Amino acid sequence: NKSGKTPRRPPKKPSNNQKDPVGVYCRVRPLGAEDEECCIEVISNTTIQLHAPDGLKANRNGEFKETQYSFKKVFGIKTTQRELFADVAKPLVEDLIHCKNGLLFTYGVTGSGKTYTMTGSPGQGGLLPRSLDMIFNSIGPYQAKRYVFKPDDKNGMEVQNQVDALLDRQKRDSQTSVPKTPTTRRIDPEFADMISPEEACKAGEVDEDSSYSVFVSYIEIYNNYIYDLLEETPFDPIKPKPPQSKILREDQNHNMYVAGCTEVEVKSTEEAFEVFWRGQKKRRIANTQLNRESSRSHSVFIIKLAQAPLDADGDNVLQDKSQVNVSQLCLVDLAGSERTSRTRAEGNRLREAGNINQSLMTLRTCIEVLRENQMCGTNKMVPYRDSKVTHLFKNYFDGEGKVRMVVCVNPKADDYEETLLVMRFAEMTQEVEVARPVDRPICGFLTHRLEERGGPVDGESPTVLNQLLQSFHPLPPCEISGPNDDVTLPRLIDALEKRHKIRKLMVEEYNKTANMLKSVLQEQDSNLLSKENFIQEQRGRLGEKDKMIQNQKNEIDRLEKKSKMLEYKIDILQKTTNIYEEDKRSLQHELESREQRLQREMSEKRRMETRMQGIVTDAKLKWEKECERRVNAKQLEMQNKLWVKDEKLKQLKAIVTEGKTENRQPQRPSREKDKVPAKRSVSPSPVPSSLSSLEPIYNFSQTVRPDPHFPRPGSVSVASCISEWEQGVPHSRRQGSQSPPDSRKRAQGLPDSLRRRRGRCWAREVPVQPAEVDLEETGHWVSRTGPLVRPLHRRSHSAGGERWVDHKPTTNVDLDTVLQPNIPNAIKVNAPNEKALSKCDKYVLTHQEFASDGEIQTKLIKGEVFKTRGGGQAVQFTDIETLKQENPVAASRKRRSSETGPDGEPMERNWTNVETRCSVAVEMRAGSNLGPGYQHHGYPKRRKP
Ligand code: ADP
Ligand code: MG
């Protein structure tokens, strides 16, 4: 019943309860490579079968059986784009032209053919270009002039008057005459020939009394932000502005729309597709610039068809906004439905991917809740608002419109698990029902019809009443000529009858209209009621939301408190850490310093060790020498004793053999001899003390000449001693007993010390029978073998070329004495030999001994070398230099003790030591068969004053 006025928009709760399920179609794309494993089989044109790939089956013990899924229709790999369009999109385009909304989306894993299905490729245009083509094929001739329809900013459509539209057109032409001539310019090869002309489609019925206009918008939803792909922003190549996101709004009819979204009026398929391609390019550029993947975004192409009745004369669109009808078809290419892990996204990308999955998840949840509400009669809230995609299409699900989904699948085995999820979602989606859009005839259509019929539309309108009245035939003249006026009366009766009939008709019409109005009013009432209910419901929801918000606020408060506490804790921990760190640092520092100290002590210890070792070896050497000396001394003493005993024995023998009278004389010397050793053994010689205080002018001349007859010191035997004594001693004894007074007399004029020394020399000389002892003015004594060689014979000292024999016994110890004797041009010897002496005129003996304080002291005993007449060499000692190391602490103490010692033994030792050494040197002389050195071995202690 198309009579009567219907409201422009149907109420949100449709009056008819007819619903259609969401149309879900499945498209299986061909395998990328023929040898790939396939996991999908098309069983019939409504069913496919999924079987788990071999690897997966093995892994899960074959727990996955084949599963079948049914759809409204299944399109196999051979399906052409045209076939698909005919089945899936064509009805939606038909609906669009008949003022009904439609939603078509493609769903599936990346690479499953969503974009191929929606957009297609050259020669194989997808659903989108085909839909555009069909629209323009259908409404082409009935399109309104550009800018007659003008979108307001609230998702509505206005009708401009002719003049304004013309002005707008002129403006556009002047602005974009050169670049924008899409009809003349052959379009981008990328989208040229999307649809071949022979494939063109056309809608069945098109109201020719209406005027049409097509507007397209193209948006992208990425990471839950909406971007307008057709927005013309002045491009700044230096600093490109990032795209601004858009927000969703609800218009007065509770339809969601993208606020401020560009709506481009297009007049042909080419123009529309060019606009689409422009958006596509922009999308690609943005994706490259912002480094994002297009497979993660949803693209939404919205085709809006505005239609309005023509005015009475059929030339122009009726200037009435309320007469404009707008329907829209949304073509959505959803993001890939794969899980995040598959895309191997990281960091930011992961968050983005998460959001994309989130929006698909929300879609899933919405569909689930819708299905549950519809099947179980529950009234759960559908979370459309959780994502932009679902929010934007909310009206399709809870309002009216056709919803169709093409599930794209790639049969390759790799996608098996993802495909399984897609299938489950698709199956569920099919169970959701969406209200079928009601037929909405346009008022303009009605007007035409009524005008043509000439019937009244509105009784109250005076113009219409007048028209009606005028359409009545005028009453014939009603002047009755008489009662038998047969002409006038029947004519009048006839006219009145006619009028009566018309009146009856009018009453009928009136009643009918009244009834209609009544029903409309009732309908309005019910609408009002339902609106009120809706408002009530919304209020309830609002309350719920408020409660939720309150809860969340509380939760936020709690979390804030918690975070504050944690921060406080962190602060404390930080401080503790700092303290510990400081402790650690100081301990480390201490450790380091201790280690350094340890190292220092270790090195000190090592140094001490080496020093102690040196001292030990020194001491050892010292003591070895000391022992040697003592042994020597003891040996000499023993030899002396032996000699004395032998002497006594001899005397006894003489007594025994010669008789008592003859034996008188030798007794005395024997007594004298007796005394000597005893004296020596008892009291030490005081000479060293006087000698040490004297100038070191103790000369000792010797003749060094190897004598084979001279006995070696080591091989001195008692027999040889006796024989020597027997040969030489009697003379010396005689001389000794007589000469000393002479000598003493000769030395009388000398100083005391010299006299003492002279005495010593004398005493020393006593046993040297063949030698002549001569005391010179210097106080030197010289012992000679043979005639003395005068100092005149000294070698020439001219040119300063003194040559030294540097005698250093091997037993000498190397000391750290700073002042070491350095004699240039010297012949160094360990023992003096004649060859060396013959070459030199000076002799020095480096002699070491223990000083009174126990330290080693070095004496340089110097002498001059003389040639003896016999051709040998004689050394006259002229000087003694003493080098001595002193322990600054111990020296004074030791010296004092040695000086104050009751027996002065250290002195004696020193003296004895020099004596020993000298005697050793003397023992080596050549020449005389009676060695003076040997003699003096025997009488060192007789020099005691
Ligand atoms: P999606 O948009 O789902 O990521 P596409 O539509 O980009 O996938 O498809 C991936 C590739 O597969 C494209 O090269 C496309 O040409 C090809 N393709 C997809 N579906 C088909 C089909 N039905 N027939 C032939 N090629 C297809
Ligand atoms: Mg794609």
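Reader: Why is Asn-291 called exposed?

Author: In this predicted model, Asn-291 has a relative accessible area of 53%. The term exposed applies over 50%, so Asn-291 is exposed. The residue is found in the loop between helix H7 (269-289) and strand E18 (298-309).

Reader: What is to be said of the phi angle of Asn-291?

Author: Asn-291 has a positive phi of about 55 degrees, although it is not a glycine.

Reader: Where is Asn-155 placed, and why is Asn-155 called buried?

Author: Asn-155 belongs to the loop between strand E10 (149-151) and strand E11 (157-159). Its relative accessible area is 13%. Buried means under 20%, so Asn-155 counts as buried. The phi of Asn-155 is near 70 degrees, a positive value in a residue other than glycine.

Reader: What makes Lys-388 partly exposed?

Author: The relative accessibility of Lys-388 is 24%. Lys-388 lies in helix H10 (residues 388-392). The C-alpha atoms of Lys-388 and Leu-363 are separated by 9.8 Å, the two residues being 25 residues apart along the chain.

Reader: How do you know that Asp-853 is buried?

Author: Asp-853 has a relative accessible area of 4%. As buried means under 20%, the value places Asp-853 in the buried class. Asp-853 lies in the loop between strand E27 (842-850) and strand E28 (856-867). Its C-alpha atom is separated by 9.9 Å from that of Gln-885, 32 residues apart along the chain.

Reader: Which residues of helix H2 are buried, and why are they said to line one face of the helix?

Author: The buried residues of helix H2 (residues 81-88) are Gln-81, Leu-84, Phe-85 and Val-88. Seen down the axis of H2, these residues fall within an arc of 100 degrees, so they line one face of the helix.

Reader: How many disulfides are there?

Author: A disulfide is a covalent bond between the sulfur atoms of two cysteines. The criterion is a pair of cysteine sulfur atoms within 2.5 Å, and by this rule the count comes to 0 disulfides.

Reader: What makes Cys-99 and Cys-366 buried?

Author: Cys-99 has a relative accessible area of 3%, and Cys-366 has a relative accessible area of 3%. The cut-off for buried is under 20%, so Cys-99 is buried and Cys-366 is buried.

Reader: Which polar contacts with ligand 1 involve Thr-115, Tyr-116 and Ser-112, and how do you know that they qualify?

Author: A polar contact requires N or O atoms within 3.5 Å. A polar side-chain atom of Thr-115 lies 2.6 Å from an oxygen atom of ligand 1. For Ser-112, a backbone N or O atom lies 3.2 Å from an oxygen atom of the ligand. A backbone N or O atom of Tyr-116 lies 2.7 Å from an oxygen atom of ligand 1. Taken alone, ligand 1 exposes 550 Å², of which the protein buries 66%.

Reader: Which residues surround ligand 1, and how do they divide by type?

Author: Ligand 1 is surrounded by residues including Arg-27, Arg-29, Pro-30, Val-109 and Lys-114. The shell divides into 3 nonpolar, 5 polar and 3 charged residues. Helix H4 (residues 114-118) contributes the largest share of this shell, 3 residues.

Terms used. Residues are numbered from 1 along each chain as its sequence is written. Chains are lettered from A and ligands numbered from 1 in the order in which they are written. This is a predicted model: local features need pLDDT of at least 70, side-chain atom pairs count only at pLDDT 80 or more; totals for chains, interfaces and linings use all residues. Side-chain values use heavy atoms; hydrogens and water are left out. A residue is near a molecule or strand if one of its heavy atoms lies within 4 Å of it. A polar contact is a pair of N or O atoms within 3.5 Å; within protein, one must be able to donate a hydrogen and the other to accept it, and residues adjacent in sequence count only if both atoms are side-chain atoms. Accessible areas come from the Shrake-Rupley method with a 1.4 Å probe; for residues, only the protein chains shown count as cover. Helices (H or I, at least four residues) and strands (E, at least two) are DSSP runs, numbered from the N terminus. Ala, Val, Leu, Ile, Met, Phe, Trp, Tyr, Cys and Pro count as nonpolar, Asp, Glu, Lys and Arg as charged, and the others, Gly among them, as polar. Buried means under 20% relative accessible area, exposed over 50%, partly exposed in between (1.4 Å probe, protein chains only). The arc is that of the directions from the helix axis to the C-beta atoms.
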